[in-house]
Amino acid sequence: AIAVALLCSTFATTAVAQAAPDKLVRDNTDKIIILIKAHRDTYTKDNKKLYAMVNEVVLPHFDFRKMAQLVLGVSWRQANEDQRARFANEFRDLLVRTYATVLLKYNNEEVVYLPYKPSPGEKTTTVKVEVKLGGSAPPVPIHYDFYLTDTAWKVYDVVIDGVSLVTNYRATYADRIKNDGLDALIASMAKSNRDGTPAEPVMKPRAK
């Protein structure tokens with residue numbers, strides 16, 4: 001989770017339009033690490049400042065509406081526009097809270113950038129990295145799935161140790177929608193975001 005939060009938060013708002021996806025990751029990792037190290041105490045005491053930092057750094061480079069669409073699947077097509085907007089908003093806030101919380105646990109894990117070879121004219125691509133956890137623990141592979149909009153590359157899924165964030169949440173929410181309905185799920189997410197209660201895990205834990 002620490003690795004996910006760190007890397008998902010490395011896309012700085014200073015990146016130019018259509019900068020290469022691997023460059024977005026590589027160039028801005030240092031920035032987020034510096035921010036966490038310099039302001040850890042402030043962020044720990046004031047979650048609003050922590051969330052504001054994550055909003056500023058992460059949101060411009062993730063397409064939360066597309067992620068929400070992929071998470072809901074069939075339910076997205078059946079939902080009206082108000083339900084879609086509310087779900088996307090609450091899903092975004094849930095992920096921001098999750099990433100922000102685990103960011104504070106960053107402890108100098110090493111990030112290794114794997115070779116990136118884009119294809120000319122491609123509209124989707126994947127940036128692959130590994131996070132070394134230290135000791136005898138194997139590195140955690142993380143894949144960032146991007147697609148190209150009219151103005152910039154956007155992240156629409158993250159695959160951590162073989163587990164897709166989108167697929168994971170889709171499975172989590174499918175049963176809840178089936179049993180209680182989409183509006184009940186959105187209301188539950190909104191309450192969790194307002195109360196600051198723990199969010200659902202970003203991914204299933206690695207088997208020991």
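How many of the eight residues of strand β4 (residues 153-160) are buried? Select β4 and you'll find that eight of its eight residues are buried, where buried means under 20% relative accessible area with a 1.4 Å probe, protein chains only. Before moving on: this is a predicted model, so local features need pLDDT of at least 70 and side-chain atom pairs count only at pLDDT 80 or more, while totals for chains, interfaces and linings use all residues. Residues are numbered from 1 along each chain as its sequence is written, and side-chain values use heavy atoms, with hydrogens and water left out.

Together β3 and β4 make a hairpin with four residues between them.

Ile 160 has Val 163 as its bridge partner. This hairpin has two residues between its strands, and Asp 161 in the turn shows a positive phi of about 55°.

Next stop: rings. Show Phe 87 and Phe 91, both in helix α6 (residues 81-103) and four residues apart, about one turn of the helix. Their rings are stacked, 5.8 Å centre to centre with 10° between the planes; rings of Phe, Tyr and Trp (its six-membered ring) pair if their centres lie within 6.5 Å, with planes under 30 degrees apart counted as stacked, over 60 as edge-to-face and the rest as tilted. Both Phe 87 and Phe 91 are buried.

Switch to Tyr 147 and Tyr 156, both buried. Then bring in Lys 66: its charged end sits over the ring of Tyr 147, 4.9 Å from the centre, and also over the ring of Tyr 156, 5.9 Å from the centre. The rule here asks for NZ of Lys or CZ of Arg within 6 Å of the ring centre and within 35 degrees of the ring normal.

Last, pick helix α3 (residues 47-58) and colour its buried residues: Leu 50, Met 53, Val 54, Val 57 and Val 58.

Conventions: Buried means under 20% relative accessible area, exposed over 50%, partly exposed in between (1.4 Å probe, protein chains only). Two strands pair if DSSP finds at least two bridges between them.
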